Amino acid sequence: ERTCVVTGAASGIGAAVAESFRASGHTVIGVDVAGGDVHADLSRPDGRRFAVEQLTRRAAAVDVVVACAGLARPEPVTLSVNYFGVVDLLAGLLPLLRRGRSPRVVVVSSVAAVHRTLDSLVQACLDHDEEAALDLGRRAVEAGKGIGIYAASKQALARWVRRTASTEAWAGHGIALNAVGPGVVLTPMIAAEWASPAGREALSRQVPMPLTRGPIDVGQIVRTVRFLADPDNTAVTGQTVYVDGGADAQLRGDRQ
Ligand code: NAI
């Protein structure tokens, strides 16, 4: 039996991941703004600290963290939840992970990570400068480029995984760190867009594989998370596994 922390556990992908671990007999501690076991606002530094405190109180060791909490709003707060909310929480949970058995961490990026985006915003995230990132985010919104904020947050997260996974603090302690990059998954996050014919058409175009044209089943994301989080995964770390019906391959082609 493993102790699993799942953020964003109240809805969508996080809820499905939490349910899957529970169904296999593992202990899940869900973190969300409401509806989880630990209620914390991961958009705020004090909320992240509170979550770490509460989790440290509840568990002596953590074997799995799956960071699903995220926002897709074209607003600066999306950077705080999708990037800083993940990176700060994981930094705070490292001591618990080091005490875990075969510790595994999976963060949820997105196929949006391969979209062309606002490079300065990605850099501010990777520099771990939240003030600067929020400031650039506000300026992007003013310039009518708020739509790029989501992609920037997910690209920064995927790059953070890549530069962090092989370090002494992670690989050196046997902690695998990977990302999944979902394509279009029908959850409350995209429900409104999916409800309109134009939105449905636009979203469907983003899934090239004919068999799955339309949204990807959330179960496909869960299986990939479970594979990466399994103790038997002793070799995959630092990767983003796109579960996107071919969207990454279509967008990036064969570029290395
Ligand atoms: P969702 O909206 O159903 O669930 C997101 C969860 O995160 C919610 O329970 C929400 O309360 C929580 N959350 C948001 N802000 C928070 C905060 N400040 N503090 C704590 N929790 C917070 O969305 P979905 O689709 O399940 O998304 C999960 C992850 O998957 C997100 O990171 C999203 O960006 C990513 N993703 C989703 C895709 C999709 O098509 N649905 C595609 C690619 C990535």
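His128 is found in the loop between H4 and H5. In this predicted model, His128 has a positive phi of about 55°, although it is not a glycine. Most residues other than glycine have a negative phi. The residue follows directly on the helix H4, and because its relative accessibility is 39%, His128 counts as partly exposed.

A second residue belongs beside it. Ser102 has a phi near 40°, again a positive value in a residue other than glycine. Ser102 sits in the loop between H3 and S5. With a relative accessibility of 32%, Ser102 counts as partly exposed.

Which residues of H4 are buried? They are Leu121, Val122, Ala124, Cys125 and Leu126. These buried residues pack against H3, H6 and helix H5, which spans 130-142.

How many disulfides does the count come to? The count is zero. Cys4 is in no disulfide, and the nearest cysteine sulfur, that of Cys68, is 12 Å away. For Cys125, the closest cysteine sulfur is also in Cys68, but at 19 Å, which is too far for a bond. A disulfide requires the two sulfur atoms to lie within 2.5 Å. Cys4 counts as buried, because its relative accessibility is 0%. Cys125 likewise counts as buried, with a relative accessibility of 0%.

Setting aside residues up to four places away in sequence, Val105 touches Val65, Leu90, Leu97, Trp170, Ile175, Ala176, Leu177 and Asn178.

Thr164 has its place in helix H6. Is Thr164 buried or exposed? Thr164 counts as buried, because its relative accessibility is 10%, and the cut-off for buried is under 20%.

Asn233 lies between helix H9 (218-229) and strand S7 (240-243). At 5% relative accessibility, Asn233 counts as buried. Beyond its neighbours within four places in sequence, Asn233 is in contact with Arg104, Ala176, Asn178, Phe227 and Leu228. The side chain of Asn233 reaches the backbone nitrogen of Ala235 at 3.4 Å.

The next residue is His39, which lies in strand S3, residues 38-39. At 43% relative accessibility, His39 counts as partly exposed. Where does its side chain make polar contacts with the backbone? A polar atom of the side chain of His39 lies 3.2 Å from the backbone nitrogen of Gly35, and the side chain also reaches the backbone oxygen of Gly36 at 3.0 Å. With neighbours within four places in sequence left aside, His39 is in contact with Asp32, Val33, Ala34 and Phe50. As a distance across the model, the C-alpha atoms of His39 and Trp194 are 29 Å apart in space, while the two residues are 155 apart in sequence.

How many residues surround the ligand? There are 29, and the closest are Ser11, Ile13, Asp32, Tyr150 and Thr187. A polar side-chain atom of Lys154 lies 2.8 Å from an oxygen atom of the ligand. A nitrogen atom of the ligand is 2.9 Å from a polar backbone atom of Leu42. At Gly183, a polar backbone atom is 3.3 Å from an oxygen atom of the ligand. Taken alone, the ligand exposes 820 Å², and the protein buries 91% of that.

Key
Residues numbered from 1 in each chain as written. Predicted model: local features only at pLDDT ≥ 70, side-chain atom pairs only at ≥ 80, totals over all residues. Heavy atoms only, no water. Contact = heavy atoms within 4.5 Å. Near = heavy atom within 4 Å. Polar contact = N/O pair within 3.5 Å; in protein donor to acceptor, adjacent residues only side chain to side chain. Areas by Shrake-Rupley, 256 points an atom, 1.4 Å probe, with all protein chains shown as cover. Buried < 20%, exposed > 50% of the residue type's maximum accessible area, 1.4 Å probe, protein only. Helix = DSSP H or I, 4+ residues; strand = E, 2+ residues; numbered from the N terminus.
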